[in-house]
Amino acid sequence: MIDAKKYRGRPSLKVEGGILRPRVEKVLVGTRDQTKLVDGVLKQVDLVQGIVGDDLPVTGVLCFIEADWTLIAGSFAACGVEVLWPKKLYARLTTEGPIASGVDDLHRTLAYALPPA
């Protein structure tokens with residue numbers, strides 16, 4: 001499940017809590033808390049997982065299109081959602097996955113269950 005966003009600023013992961021308090025992961029773009037975007041991706045993942053069933057793993061990706069990515073730190077994950085840039089996503093999409101032969105059937109199933117608005 002890919003959610004692309006056109007945000008400016010540097011994406012980063014801020015982790016709070018841990019030992020005495022619950023661990024909380026926050027996604028920041030620049031100085032703005034954008035953790036709500038991760039929550040949105042997780043809702044979409046749950047929706048698609050309910051459609052395709054438990055036999056096919058569904059993962060979430062948040063792709064920031066015009067963000068100011070660092071050359072060293074790069075991508076990260078927050079609450080199980082990968083946060084990355086377009087070239088990194090392209091490399092991930094072009095690798096063969098678990099359903100290479102059943103993509104057409106999956107497409108039909110999703111198109112039927114999720115008609116255009």
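This is a predicted model: local features need pLDDT of at least 70, side-chain atom pairs count only at pLDDT 80 or more; totals for chains, interfaces and linings use all residues.
Trainee: Okay, so how many salt bridges does the structure hold?
Mentor: The structure holds 9 salt bridges, and one of them joins E66 with K6, where the closest N and O atoms are 3.7 Å apart.
Trainee: And what does the pair of E66 and K6 tie together?
Mentor: E66 sits in the loop between strand 5 (60–64) and strand 6 (76–78), while K6 sits in the loop between strand 1 (2–5) and strand 2 (11–16), so their bridge ties together parts that are 60 residues apart in sequence. The two partners also belong to a network of salt bridges that links K6, R8 and E66.
Trainee: Is K6 buried or exposed?
Mentor: K6 counts as exposed, at 61% relative accessibility, whereas E66 is partly exposed, with a relative accessible area of 31%.
Trainee: Which side chain does K5 meet in a salt bridge?
Mentor: K5 meets D3, at 3.6 Å from N to O; D3 is buried, with a relative accessible area of 14%, and K5 is partly exposed at 21%.
Trainee: Switching topic, what pattern does the protein chain follow?
Mentor: Read along the sequence, the pattern is β-β-β-β-α-β-β-β-α-α, which comprises 3 helices and 7 strands. Of the 117 residues in the protein chain, 26% are buried.

Technical notes: Residues are numbered from 1 along each chain as its sequence is written. Side-chain values use heavy atoms; hydrogens and water are left out. Helices (H or I, at least four residues) and strands (E, at least two) are DSSP runs, numbered from the N terminus. Buried means under 20% relative accessible area, exposed over 50%, partly exposed in between (1.4 Å probe, protein chains only). A salt bridge is a side-chain nitrogen of Lys or Arg within 4 Å of a carboxyl oxygen of Asp or Glu.
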